[in-house]
Amino acid sequence: MDGKDDLKDPEYGQEVKDEKSYINGKLKYWKYAGGMKAELLKDLMNGTNIKAEKYLKGLVIARTRLARLKLWAVRLTKVLLLLAIALQVKGLGDTLLPKISKSSLPPERIYENNGYLMVSSNGGLNQMRSGICDMVAIARYLNVTLIVPELDNTSFWNDRSQFEDIFDVDYFITSLRDEVKILKELPPKQKKKVELESLYSMPPISWSNMTYYYNTILPRIQTYEVVHFTKTDARLANNGIPEEVQKLRCRANYQALKFAPPIEALGKKIVNILRERGPFMVLHLRYEMDMVAFSGCTEGCNQEEIEETTKMRYAYPWWKEKEIDSEKKRKDGLCPLTPEETALALRALGIDRDIQVYIAAGDIYKAERRMATLKEAFPNLVRKETLVDASDLLPLQNHSNQMAALDYYVSIESDIFVPTYGGNMAKVVEGHRRYLGFKETILLDRKALVDLIDQYNNGTLSWSEFALGVNTVHAERMGQPTRRVEVPGKPKLEDYFYTNPTECLSLPAEDDDQLLQ
């Protein structure tokens with residue numbers, strides 16, 4: 001091999017061109033020769049001993065490699081030092097940034113784990129939301145570990161969103177750690193067991209009390225170790241539940257279930273835009289095509305629209321009610337109010353014509369025609385689509401539950417909330433606004449309103465008489481503290497727990513006394 005290749009230093013790109021002068025200049029390194037013989041040194045000086053020359057060249061190469069090794073050692077030390085500094089800075093940053101620091105976390109509750117509860121939530125966003133809160137309470141008082149709930153991807157809305165797409169999953173887990181252990185997935189051992197064996201799945205009985213869960217569900221969890229609930233809607237009773245369980249349901253709903261950061265940020269942006277312009281009312285106007293079809297309520301529809309919505313109702317097998325008497329259902333107060341009926345009711349209640357009215361709903365059925373009266377009465381109608389850029393809403397497109405979460409956020413922040421139908425969002429938002437200090441929520445009495453509207457439209461009542469009647473009916477329907485109505489044995493007829501969670505509300509002394517009378 002050529003000596004030039006041996007002495008080439010790839011680290012610095014240098015090459016020795018004159019071997020003899022290079023060797024003579026490097027004789028000061030003779031001490032590394034370890035007792036080199038005098039004659040070798042003398043011959044080397046005279047250039048007559050090739051063996052000695054090669055020997056010294058080898059020493060120089062070894063020295064060069066040692067120098068490079070030391071250089072890399074210094075570099076490695078610097079990298080490790082920088083890494084240590086970065087870790088220290090990160091630790092300091094975690095303390096200073098507005099995250100859930102370890103010092104702010106509630107202490108973790110230590111308990112003997114009885115098993116694992118997996119749940120598949122069903123229904124729309126707010127139906128799932130309530131069910132998740134019930135599952136938190138059930139898991140806590142059965143002393144089991146809850147696996148982050150799976151959301152419904154098979155409902156009418158066909159939304160593929162999962163828990164972490166809508167809610168802040170890490171906050172959900174950590175904020176409840178002093179009550180119940182929540183995991184994102186089964187531990188490896190249990191996961192393997194479920195994969196090898198069949199998973200025990202069941203729907204718990206609707207409107208059950210805690211005795212059912214202690215006596216029936218807990219033994220099954222202890223037997224199978226992992227139990228899967230296939231449904232979560234209305235699986236816990238409204239009443240007859242221990243107060244500590246009721247309060248945990250509230251804590252899960254109003255504190256632990258924060259929306260995912262992107263949804264919350266966009267919600268705040270919309271609310272800020274509205275507040276800059278003045279007061280705003282959220283109108284939860286349930287008059288989308290699917291609602292008209294499902295309810296069978298066709299007031300104000302022409303024959304073509306009646307046939308279109310009826311055909312849609314028959315097309316969906318899970319909508320069990322097919323033959324519907326629209327007129328009778330409306331008279332009984334079981335239909336969502338139409339946009340025209342809503343406009344009359346709001347005008348009679350004296351709602352400021354210039355207030356911003358945020359429409360929290362999907363696409364209104366035949367909007368151009370059906371919204372004209374409402375637009376004339378309240379010209380400042382707005383929607384999320386008119387308040388922010390299309391690019392802001394793009395990540396939420398085709399995700400109806402995420403859109404519903406955005407409307408929910410704006411609804412609880414509004415000055416006034418008015419639902420036109422008693423669906424799940426209307427019920428849960430009403431309870432949330434009570435929890436936030438009994439914020440004004442106008443609960444329209446649809447049965448009374450339909451009767452008054454018909455009398456006004458046929459000339460039986462003047463406007464002043466109509467307005468007086470509307471205000472009289474709604475004097476006690478503005479979200480004030482009220483007793484939750486109980487109907488023993490008929491939970492569907494009583495007030496929903498999440499509509500009026502009395503056990504969790506801070507009532508003024510006089511209101512508390514009235515409720516106890």
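1. Arg 140 and Glu 179 are joined by a salt bridge whose closest N and O atoms are 2.7 Å apart, a salt bridge being a side-chain nitrogen of Lys or Arg within 4 Å of a carboxyl oxygen of Asp or Glu. Because Arg 140 belongs to helix α5 and Glu 179 to the loop between α7 (169-175) and β3 (182-183), the pair ties together parts that are 39 residues apart in sequence. Arg 140 counts as buried at 15% relative accessibility, and Glu 179 is buried at 17%, where buried means under 20% relative accessible area, exposed over 50% and partly exposed in between (1.4 Å probe, protein chains only).

2. This is a predicted model, in which local features need pLDDT of at least 70 and side-chain atom pairs count only at pLDDT 80 or more, while totals for chains, interfaces and linings use all residues. Residues are numbered from 1 along each chain as its sequence is written, and side-chain values use heavy atoms, with hydrogens and water left out.

3. Of the 18 residues of α5, 17 are buried, so this helix is largely enclosed by the rest of the structure; helices (H or I, at least four residues) and strands (E, at least two) are DSSP runs, numbered from the N terminus. Just after α5, Asn 143 takes a positive phi of about 55°.

4. Arg 330 forms a salt bridge with Glu 341, with 2.9 Å between the closest N and O atoms. Since Arg 330 lies in helix α14 (residues 326-331) and Glu 341 in helix α15 (residues 339-348), the pair ties together parts that are 11 residues apart in sequence.
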